[in-house]
Amino acid sequence: MLRNKLQLEVTNTHTRKISRLLYRETDVDEHILNISSYELSFFQKLVLCRGLKFAIPQRVSPVEIKASFEKAYWNLERHLPNENLRELAAASLRSVALEYINKSSPKPPKALLQAIEDLKKRDDIVVTKPDKGSGVVVMDKSEYLRLLSEASINDTSKFRFVDSERPRTRGRPPKYYHPLLQKERELETLVRKILPKSIADALRPKGSRLAHLYGLPKTHKEQLAVRPILSATNTYNYSLAKWLDDKLKPLSCNQYTVTDTFRFADEVRGFEIRNGEILVSYDVISLFTNVPLEETIQILAEKAFAQDWFNETHSLNISKADLIDLLRAATKNQLFQFDGALYEQTDGVAMGSPLGPLLANVFMCSIEENLERHGQLPRYYRRYVDDTLTVMPDRVTAGQFLDTLNSTHPSLQFTMEVEREGSLPFLGTELLNRAPKIESKVYIKRTNTGLLLHFQSHVDIKYKRSLVNTMVDRAYRLSSNWSFFSEECDRLRGVFHNLKYPKPLVETTIKRFVERRISSAEPCPSPDVPSETVRLVLPFKDQSSANHVKQQLNSLSSKLSVTVQPVFVSPKLDQQLKQHEIKPPIVNQQCIVYEFKCNLCDAGPAQSQR
């Protein structure tokens with residue numbers, strides 16, 4: 001007991017000393033909003049203050065590395081025309097794998113690992129990101145669940161509870177029953193009935209998981225609320241939804257749709273605005289959950305089968321009724337789990353579904369086409385999903401158009417924002433009314449805390465260099481003159497300084513970018529590379545080991561005429577601290593990665609399916 005007490009006193013003393021030293025350089029409270037009843041320790045704050053995308057060194061499992069190389073070889077093998085190349089690839093990958101496994105991993109800082117473990121063990125708080133801007137929000141779990149329920153499942157017109165017990169039916173009951181298995185069987189029957197075998201085999205559900213509902217706190221609002229989002233990746237209808245989204249995407253746009261922010265900035269700068277005209281934006285309140293799903297599916301099917309476009313474009317032979325059935329299966333009655341219970345979303349488009357943006361755009365396009373037929377659209381009108389920019393003669397006309405929009409459909413409600421002192425934010429761009437032209441520059445939201453990828457994050461250096469390049473390029477493309485670009489570069493210098501980026505890295509990137517633009521020279525074309533690319537996803541150990549693997553795989557790629565590209569990943573804090581739903585046993589018994597040894601051959605990791 002005495003020894004433990006002395007050890008605790010020594011630990012606390014060292015913690016206080018380290019805290020005083022680190023506080024001089026790091027404001028651990030800067031990016032954290034703690035609205036919970038739990039008081040964070042210093043090291044917990046130190047972990048969280050760099051954001052949920054921060055990565056710290058972790059121990060790397062040799063089995064994980066072996067599995068990655070094994071999977072890469074499976075993908076590479078079909079691109080190799082003869083046995084000699086396959087043997088070369090297998091031997092080279094085996095050598096690289098063994099060498100990378102033997103590289104020692106950096107030792108994780110014990111104090112930070114313990115801080116993460118302590119946060120993971122607490123089931124009374126939720127650590128998440130805010131809905132707008134960057135940073136970390138810590139909430140009491142009870143309050144988080146209450147707000148999320150109010151924003152979703154409490155609305156019985158759009159959500160309903162699903163009983164997980166086997167319903168009473170005649171005949172022999174199935175050996176295993178779960179609503180998810182029932183959904184899988186129904187969907188497989190449908191796709192096999194409608195689509196060719198090759199497509200049906202690819203889209204049929206296998207080893208699917210339950211969708212789960214989570215929320216992002218709207219901390220920028222006066223009254224705290226939560227935006228509900230449905231995580232639908234790898235759910236029973238996810239592959240079908242992705243396939244439909246890819247095939248139907250051309251039908252989700254019209255001449256008023258903004259698909260690229262940079263093209264929009266170029267276009268709006270070329271628009272001639274008259275003296276007295278004003279910039280006005282309109283926003284749809286909760287568009288996704290208010291899209292009338294069945295009505296939108298019918299609109300989309302009508303477009304798809306105008307002159308049999310869908311079949312002609314994709315070389316298929318299905319009917320309009322078949323497409324409607326597929327769209328319903330991919331969107332309606334989405335099964336998900338929340339707080340240990342099962343629910344279905346019976347109406348509206350789930351935020352998180354691959355078809356969400358497409359259906360929202362299709363519905364809004366139908367509204368715009370109706371307004372256009374009646375000559376009610378303003379002289380300039382552009383929309384990105386639920387945000388619309390217009391140019392109006394005056395405030396009275398802008399208010400009248402708001403009334404027109406709110407009368408277009410009972411499901412929609414719009415709000416309006418008028419330029420202030422000749423300035424209006426739209427899609428991350430600050431638009432400036434300088435009649436007869438519109439100027440633009442980067443818009444910085446009030447919720448922006450400047451939290452990007454921290455330089456001390458344990459990730460490949462190429463991601464950090466790419467971030468600086470991307471932010472400088474964005475500043476240039478959204479700025480209508482060099483003065484605005486220079487102003488944004490000065491801000492970026494401060495942002496990256498706070499994120500501990502070396503000053504030479506930032507200055508060199510800006511200097512090279514400006515020199516390239518002044519000389520009007522495009523970036524040097526990269527040398528010809530093989531067209532086929534196989535990606536090898538590996539856990540990141542350290543920069544030296546990663547660079548060595550890149551060199552080895554570059555050499556192998558030149559011999560095989562197939563690019564083997566390593567992608568180094570690191571576990572982020574959000575992956576370790578995210579809320580884990582309780583999974584039913586039938587879902588847990590799938591996609592299990594295991595390893596077995598065989599005396600007759602080289603056997604490696606494998607993965608099970610349900």
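Guide: Gladly! Let's begin with charges and rings: a charge sits over a ring if NZ of Lys or CZ of Arg is within 6 Å of the ring centre and within 35 degrees of the ring normal. Please keep in mind that this is a predicted model. Here, Lys 541 lies over the face of Tyr 100, 5.2 Å from the ring centre.

Visitor: Which residue lies over the face of Phe 54?

Guide: That is Arg 50, at 5.4 Å from the centre of the ring.

Visitor: And how do I read two rings next to each other?

Guide: Look at the distance between the centres and at the angle between the planes: rings pair if their centres lie within 6.5 Å, and planes over 60 degrees apart count as edge-to-face. The count for this model comes to 21 aromatic pairs. One of them joins Phe 42 and Phe 43, edge-to-face, with 5.3 Å from centre to centre and 70 degrees between the planes. Both Phe 42 and Phe 43 are buried.

Another edge-to-face pair is Tyr 476 with Phe 513, at 5.4 Å centre to centre and 70 degrees between the planes.

Visitor: Why does the pair of Tyr 476 and Phe 513 tie together parts that are apart in sequence?

Guide: Because Tyr 476 belongs to helix α17 (residues 461–478) and Phe 513 to helix α19 (residues 503–518), the pair links parts 37 residues apart in sequence.

Visitor: Now for the empty spaces. How are they found?

Guide: Rolling a probe the size of a water molecule over the atoms shows where empty space is left. In this model, a search of the whole structure finds three cavities of 30 Å³ or more. The largest cavity holds about 80 Å³ of space. Its lining includes Phe 159, Leu 213 and Met 351. Strand β6 (residues 226–231) gives the largest share of that lining, three residues.

Visitor: What classes of residue line the largest cavity?

Guide: Nine nonpolar, three polar and no charged residues. The second largest cavity has about 50 Å³ of space, and its lining has four nonpolar, four polar and no charged residues. Among them are Leu 293, Thr 331 and Gln 334.

Technical notes:
Residues numbered from 1 in each chain as written. Predicted model: local features only at pLDDT ≥ 70, side-chain atom pairs only at ≥ 80, totals over all residues. Heavy atoms only, no water. Phe/Tyr/Trp six-rings, centres within 6.5 Å; stacked < 30°, edge-to-face > 60°. Buried < 20%, exposed > 50% of the residue type's maximum accessible area, 1.4 Å probe, protein only. Helix = DSSP H or I, 4+ residues; strand = E, 2+ residues; numbered from the N terminus. 1 Å grid on protein atoms, 1.4 Å probe; cavity = no way out; pocket = protein on both sides within 12 Å on 5 of 7 lines; lining within 4 Å. Points joined across faces, edges and corners; volume = space filled by probe spheres on them. Nonpolar A, V, L, I, M, F, W, Y, C, P; charged D, E, K, R; others polar.
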